[in-house]
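Please walk through the fold of this protein with me, from the overall layout down to single residues.

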Amino acid sequence: MSSRTRARGAKSAAGVHTVRIPRQRGRRGAEPFVVVVPERPSLAREALAVVGGWLWRSRRALAPTGLAVLALVVAGLLHVIAWWSGLLLAPAAAGPLVWLLITQRRRPATGSVLAWRIGLAALTSSALAWLATAAGFGPLAGALELWWLLTLIAAQTAWLFVRHTH
(Lines give C-alpha, C1' and ligand atoms only; values in the text may rest on other atoms or scores of the structure.)
Protein backbone atom coordinates (compact mmCIF):
# COMPACT_ATOMS: atom_id res chain seq x y z
CA MET A 1 0.00 0.00 0.00
CA SER A 2 1.45 3.35 -0.94
CA SER A 3 1.99 6.15 1.53
CA ARG A 4 -0.75 8.21 -0.17
CA THR A 5 -3.47 5.65 0.61
CA ARG A 6 -2.35 4.65 4.10
CA ALA A 7 -4.18 6.29 7.02
CA ARG A 8 -1.91 8.31 9.26
CA GLY A 9 -2.65 8.31 12.99
CA ALA A 10 -6.11 6.82 12.57
CA LYS A 11 -7.18 4.12 15.00
CA SER A 12 -9.15 1.11 13.75
CA ALA A 13 -10.37 -2.14 15.28
CA ALA A 14 -8.28 -5.28 15.10
CA GLY A 15 -8.75 -7.10 11.82
CA VAL A 16 -10.04 -4.03 9.96
CA HIS A 17 -8.04 -2.18 7.32
CA THR A 18 -8.82 1.46 6.65
CA VAL A 19 -7.97 2.82 3.25
CA ARG A 20 -7.92 6.59 2.87
CA ILE A 21 -8.34 7.96 -0.62
CA PRO A 22 -6.69 11.38 -1.06
CA ARG A 23 -8.64 14.46 -2.18
CA GLN A 24 -9.39 14.86 -5.83
CA ARG A 25 -7.86 17.81 -7.66
CA GLY A 26 -10.98 19.78 -8.44
CA ARG A 27 -12.56 19.66 -4.98
CA ARG A 28 -10.45 21.70 -2.58
CA GLY A 29 -12.91 22.09 0.30
CA ALA A 30 -14.30 18.54 0.25
CA GLU A 31 -13.30 15.92 2.77
CA PRO A 32 -11.59 12.77 1.50
CA PHE A 33 -13.42 9.45 1.26
CA VAL A 34 -12.71 6.77 3.85
CA VAL A 35 -13.33 3.12 2.90
CA VAL A 36 -13.32 0.49 5.66
CA VAL A 37 -12.51 -3.01 4.42
CA PRO A 38 -12.91 -5.89 6.93
CA GLU A 39 -10.22 -8.54 6.95
CA ARG A 40 -11.40 -11.96 5.76
CA PRO A 41 -10.83 -14.67 8.35
CA SER A 42 -8.60 -17.55 7.38
CA LEU A 43 -9.88 -21.09 6.93
CA ALA A 44 -8.10 -22.20 10.12
CA ARG A 45 -9.79 -19.42 12.09
CA GLU A 46 -13.20 -20.40 10.71
CA ALA A 47 -12.59 -24.07 11.60
CA LEU A 48 -11.50 -23.15 15.13
CA ALA A 49 -14.61 -21.00 15.53
CA VAL A 50 -16.85 -23.90 14.45
CA VAL A 51 -15.10 -26.42 16.73
CA GLY A 52 -15.04 -23.95 19.63
CA GLY A 53 -18.74 -23.22 19.23
CA TRP A 54 -19.56 -26.93 19.16
CA LEU A 55 -17.47 -27.56 22.29
CA TRP A 56 -19.13 -24.65 24.07
CA ARG A 57 -22.66 -25.83 23.21
CA SER A 58 -21.92 -29.40 24.35
CA ARG A 59 -19.84 -28.51 27.41
CA ARG A 60 -22.12 -30.32 29.87
CA ALA A 61 -22.14 -33.50 27.85
CA LEU A 62 -18.33 -33.45 27.66
CA ALA A 63 -17.70 -32.76 31.35
CA PRO A 64 -15.91 -36.09 32.01
CA THR A 65 -13.60 -35.46 29.06
CA GLY A 66 -12.69 -32.04 30.42
CA LEU A 67 -12.02 -33.49 33.86
CA ALA A 68 -9.89 -36.26 32.34
CA VAL A 69 -7.78 -33.78 30.40
CA LEU A 70 -7.44 -31.65 33.54
CA ALA A 71 -6.34 -34.74 35.51
CA LEU A 72 -3.76 -35.53 32.81
CA VAL A 73 -2.29 -32.03 33.06
CA VAL A 74 -2.37 -32.03 36.88
CA ALA A 75 -0.68 -35.44 37.00
CA GLY A 76 2.02 -34.21 34.64
CA LEU A 77 2.63 -31.10 36.75
CA LEU A 78 2.67 -33.11 39.97
CA HIS A 79 5.16 -35.54 38.45
CA VAL A 80 7.46 -32.72 37.35
CA ILE A 81 7.19 -30.66 40.53
CA ALA A 82 6.93 -33.36 43.22
CA TRP A 83 7.01 -37.01 42.12
CA TRP A 84 6.49 -38.10 45.74
CA SER A 85 2.95 -36.63 45.66
CA GLY A 86 1.87 -39.98 44.17
CA LEU A 87 2.65 -41.56 47.53
CA LEU A 88 0.36 -39.05 49.24
CA LEU A 89 -2.45 -39.60 46.72
CA ALA A 90 -2.34 -43.41 46.82
CA PRO A 91 -4.52 -43.84 49.94
CA ALA A 92 -7.23 -41.69 48.31
CA ALA A 93 -7.90 -44.52 45.86
CA ALA A 94 -9.47 -46.53 48.69
CA GLY A 95 -11.91 -43.71 49.55
CA PRO A 96 -14.64 -44.67 47.05
CA LEU A 97 -14.54 -48.29 48.20
CA VAL A 98 -14.96 -47.15 51.81
CA TRP A 99 -17.87 -44.96 50.67
CA LEU A 100 -19.48 -47.99 49.00
CA LEU A 101 -19.22 -50.08 52.17
CA ILE A 102 -20.61 -47.31 54.40
CA THR A 103 -23.45 -46.52 52.01
CA GLN A 104 -24.41 -50.19 51.65
CA ARG A 105 -24.45 -50.55 55.40
CA ARG A 106 -26.62 -47.47 56.03
CA ARG A 107 -28.94 -47.82 53.02
CA PRO A 108 -28.80 -51.33 51.58
CA ALA A 109 -29.57 -51.54 47.88
CA THR A 110 -30.10 -54.30 45.36
CA GLY A 111 -30.44 -54.54 41.62
CA SER A 112 -29.58 -51.62 39.41
CA VAL A 113 -28.93 -49.22 42.31
CA LEU A 114 -26.27 -51.56 43.70
CA ALA A 115 -24.80 -51.98 40.20
CA TRP A 116 -24.56 -48.21 39.75
CA ARG A 117 -22.97 -47.80 43.19
CA ILE A 118 -20.39 -50.48 42.47
CA GLY A 119 -19.67 -49.02 39.04
CA LEU A 120 -19.29 -45.51 40.42
CA ALA A 121 -17.00 -46.66 43.23
CA ALA A 122 -14.88 -48.75 40.85
CA LEU A 123 -14.58 -45.95 38.28
CA THR A 124 -13.71 -43.32 40.88
CA SER A 125 -11.25 -45.63 42.60
CA SER A 126 -9.62 -46.43 39.26
CA ALA A 127 -9.34 -42.72 38.40
CA LEU A 128 -7.76 -41.87 41.76
CA ALA A 129 -5.37 -44.82 41.52
CA TRP A 130 -4.39 -43.63 38.03
CA LEU A 131 -3.81 -40.09 39.35
CA ALA A 132 -1.57 -41.38 42.14
CA THR A 133 0.39 -43.65 39.79
CA ALA A 134 0.68 -40.96 37.10
CA ALA A 135 1.89 -38.39 39.63
CA GLY A 136 4.58 -40.82 40.73
CA PHE A 137 5.75 -42.21 37.38
CA GLY A 138 4.50 -39.69 34.83
CA PRO A 139 1.14 -39.68 33.02
CA LEU A 140 2.50 -41.29 29.85
CA ALA A 141 4.72 -43.96 31.41
CA GLY A 142 4.09 -47.53 30.38
CA ALA A 143 0.43 -48.42 30.08
CA LEU A 144 -0.82 -45.41 32.04
CA GLU A 145 -1.99 -43.66 28.89
CA LEU A 146 -4.13 -46.69 27.98
CA TRP A 147 -5.48 -46.81 31.54
CA TRP A 148 -6.35 -43.09 31.28
CA LEU A 149 -8.08 -43.60 27.94
CA LEU A 150 -10.14 -46.59 29.13
CA THR A 151 -11.18 -44.70 32.27
CA LEU A 152 -12.13 -41.70 30.14
CA ILE A 153 -14.25 -43.84 27.80
CA ALA A 154 -16.00 -45.55 30.73
CA ALA A 155 -16.70 -42.26 32.51
CA GLN A 156 -17.94 -40.52 29.36
CA THR A 157 -20.21 -43.45 28.48
CA ALA A 158 -21.67 -43.65 31.99
CA TRP A 159 -22.15 -39.87 32.01
CA LEU A 160 -24.08 -39.95 28.74
CA PHE A 161 -26.30 -42.79 30.04
CA VAL A 162 -27.03 -40.93 33.27
CA ARG A 163 -27.78 -37.67 31.43
CA HIS A 164 -30.25 -39.35 29.05
CA THR A 165 -32.07 -41.45 31.65
CA HIS A 166 -32.72 -38.70 34.21
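**From the chain to its residues**

The chain contains six helices and two strands, where helices (H or I, at least four residues) and strands (E, at least two) are DSSP runs numbered from the N terminus. Read from the N terminus, the order of elements is β-β-α-α-α-α-α-α. This is a predicted model, in which local features need pLDDT of at least 70 and side-chain atom pairs count only at pLDDT 80 or more, while totals for chains, interfaces and linings use all residues. Residues are numbered from 1 along each chain as its sequence is written, and side-chain values use heavy atoms, with hydrogens and water left out.

Of the 166 residues in the chain, 19% are buried. Buried means under 20% relative accessible area, exposed means over 50%, and partly exposed is in between, with a 1.4 Å probe and protein chains only. The chain exposes about 12700 Å², and carbon and sulfur atoms supply 68% of that area. Accessible areas come from the Shrake-Rupley method with a 1.4 Å probe; for residues, only the protein chains shown count as cover. Contact means heavy atoms within 4.5 Å. Among contacts between residues at least 6 apart in sequence, 53% join residues at least 24 apart.

The largest nonpolar core has eight residues: A68, A75, W130, L131, A134, L144, W148 and L152. Helices α2, α5 (112–137) and α6 (144–165) are the elements that give two or more residues to this core. A nonpolar core is a set of buried Ala, Val, Leu, Ile, Met, Phe, Trp, Tyr and Cys residues joined through side-chain atoms within 4.5 Å.

V69 counts as partly exposed because its relative accessibility is 41%. Together with V73, L77, V80 and I81, V69 forms a nonpolar patch on the surface, with about 510 Å² of accessible area in total. Patches are made of residues with over 30% relative accessible area and no salt bridge, with like charges joined within 9 Å and nonpolar side chains (Val, Leu, Ile, Met, Phe, Trp, Tyr) within 5 Å. A salt bridge is a side-chain nitrogen of Lys or Arg within 4 Å of a carboxyl oxygen of Asp or Glu.

L89 lies in helix α3 (residues 85–89), and its relative accessibility of 25% makes L89 partly exposed. Beyond its neighbours within four places in sequence, L89 is in contact with L78, L131, A132 and A135. L89 and L128 are 39 residues apart in sequence, yet 7.6 Å apart in space, C-alpha to C-alpha.

T103 sits in helix α4 (residues 95–106). Is T103 buried or exposed? At 16% relative accessibility, T103 counts as buried. A polar atom of the T103 side chain lies 2.7 Å from the backbone oxygen of W99. Apart from neighbours within four places in sequence, T103 is in contact with P108 and R117.

Finally, A154 belongs to helix α6 and is partly exposed, with a relative accessible area of 36%. A154 and L123 are 31 residues apart in sequence and 7.7 Å apart in space, C-alpha to C-alpha.

Methods: A polar contact is a pair of N or O atoms within 3.5 Å; within protein, one must be able to donate a hydrogen and the other to accept it, and residues adjacent in sequence count only if both atoms are side-chain atoms.
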